[in-house]
Amino acid sequence: MTTLHEPVAPAATADDDLSVWPATTARLAHGDLAVGGVPLTEIAGRFGTPAYLVDEDDVRTRCRTYLHAFPGAEVHYAAKAFLCRAMAHWVAQEGLGLDVCSAGELELAVTTGFPAERIVLHGNAKSPHDLHAALRLGVGRIVIDSASEIARLAAAVPPGSRQKVMVRVVPGIAAGGHAKIRTGTDDQKFGLSIADGSAQHAIARIIGQPGLELTGLHCHLGSQITTDKPFLAAVRRLVGLMARIKDQRGLTLPELDLGGGHGIAYRPGEAALDITALARKVRAELTRSCAAAGLTVPKLLIEPGRAIAGPAGVALYHVLAVKRTGGRTFVAVDGGMSDNPRPALYGVRYAPRLIGRHSTTPPEPVTVVGRHCEAGDVLASDVRLPGDVRPGDILGVPVAGAYHLSMASGYNLVGRPPVVAVAGGHARLLVRRESLEDFRSRDVGL
């Protein structure tokens with residue numbers, strides 16, 4: 001068990017910006033940092049590297065920020081960003097719901113004690129197992145993503161009962177930080193288009209199913225959205241569709257889900273979505289649009305994931321090698337694309353920092369690379385680290401709480417890192433490191 005360490009406060013420099021680190025981050029002597037009152041060098045020594053650290057207080061504070069910004073709304077944490085038993089427990093305690101995308105995420109949450117009625121099931125291609133698990137456990141809502149799903153779900157609902165559903169519509173709005181994470185346009189796999197009438201046709205079919213109760217519309221525009229304009233446009237288009245449903249079907253839908261995708265800063269100086277301003281503008285636009293359409297204002301639902309988990313996480317690595325070749329300096333660490341594929345997938349840029357050693361050597365541009373057999377195994381390109389960085393040093397990478405462990409792989413059988421929670425000067429293991437025995441036990445053939 002660790003104990004609380006008193007922070008020190010040396011003068012910060014331009015290369016010493018902690019603005020994207022967890023809220024509890026404090027400077028210690030000798031170049032170390034503490035998160036949640038626990039020195040990062042202590043985490044690396046006790047749990048090894050690579051390792052993910054998550055600041056429990058930071059997670060809880062972000063949950064409360066959303067509830068305060070969106071009073072009266074349902075805030076559902078998007079489990080795909082990062083889920084473990086402890087995370088589900090924190091989110092439940094803070095009063096949030098949960099959105100899940102598979103029977104695996106659903107079962108983990110429910111067996112942790114998360115109330116099933118506060119869970120929403122998503123997915124563009126839900127398996128029969130996903131749907132049956134959702135019905136068996138009694139999830140609050142299922143978001144229908146395709147026409148073929150309507151009949152399959154209706155047939156699976158037990159006689160005499162009804163399942164609440166929403167329809168994911170495509171509003172034709174391009175938003176998001178990368179082409180691979182823009183999901184609000186007609187040229188991708190998610191949802192049902194308003195423009196070609198698919199959404200309207202699906203709604204008509206759902207209304208005709210006695211086992212399904214249509215509660216509202218859902219949309220998700222994409223990820224890493226840093227301006228409120230796309231969300232306001234989505235409100236207008238979805239309210240317009242709700243008005244047509246009322247006129248044509250006589251049905252007033254009571255819920256409107258705007259999804260998530262709220263952008264965060266990965267490096268100092270980057271833009272992030274202002275959640276408080278977003279909430280104020282969305283509420284005002286929703287009120288205006290409904291008044292113009294003669295509709296009762298529906299209950300609002302939102303689904304932040306990255307914006308809650310991302311800034312609360314830190315990845316820790318040990319430097320294994322430093323190579324200067326071709327006019328570039330490569331700093332190789334003991335992890336890589338198996339524990340963070342996002343730079344390779346989306347070109348995300350991070351700001352690693354030397355931990356546990358104060359260097360007086362001026363910083364130089366380096367590229368932090370992983371240990372895997374891919375030239376694209378790059379964690380951070382052209383970042384500034386002290387010119388004397390050497391094997392054995394520890395690097396900390398902030399904003400590592402979302403889409404790291406959830407997207408981690410078994411590439412090169414390196415093994416996925418552990419997850420360590422910190423709070424109040426104590427550290428505890430949430431998810432253990434994947435071991436060689438794990439690989440052996442799954443490999444059952446010869």
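Reply: A nonpolar core is here a set of buried Ala, Val, Leu, Ile, Met, Phe, Trp, Tyr and Cys residues joined through side-chain atoms within 4.5 Å. In this predicted model, the largest such core has 131 residues, and those with the most contacts inside it are Phe-70, Tyr-77 and Leu-217. Helix H8 gives the most to this core, with eleven residues. Leaving aside residues up to four places away in sequence, Phe-70 touches Ile-275, Leu-278, Ala-279, Leu-300 and Ile-302. In soluble globular proteins, nonpolar side chains tend to be buried together.

Helix H7, which spans residues 198-207, has Ala-199, Ala-202, Ile-203 and Ile-206 as buried residues. These four lie on the same side of H7, because they cover an arc of only 105° around the axis. What covers the buried residues of H7 includes helix H6 (147-156) and helix H8 (229-249), together with the strands E8 (141-144), E9 (163-170), E10 (192-193) and E11 (212-218).

A charged residue deserves a separate reading. Glu-105, which sits in helix H4 (residues 103-112), is buried yet has no salt bridge, and the nearest side chain of opposite charge, that of Lys-80, is 7.6 Å away, whereas a salt bridge would need a side-chain nitrogen of Lys or Arg within 4 Å of a carboxyl oxygen. A polar atom of the Glu-105 side chain does, however, lie 2.7 Å from the backbone nitrogen of Cys-101. Not counting residues up to four places away in sequence, Glu-105 touches Ala-79, Lys-80, Leu-83 and Val-100.

How values were computed
Residues numbered from 1 in each chain as written. Predicted model: local features only at pLDDT ≥ 70, side-chain atom pairs only at ≥ 80, totals over all residues. Heavy atoms only, no water. Helix = DSSP H or I, 4+ residues; strand = E, 2+ residues; numbered from the N terminus. Buried < 20%, exposed > 50% of the residue type's maximum accessible area, 1.4 Å probe, protein only. Lys, Arg positive; Asp, Glu negative; His and termini not counted. Polar contact = N/O pair within 3.5 Å; in protein donor to acceptor, adjacent residues only side chain to side chain. Contact = heavy atoms within 4.5 Å. Arc of directions from axis to C-beta.
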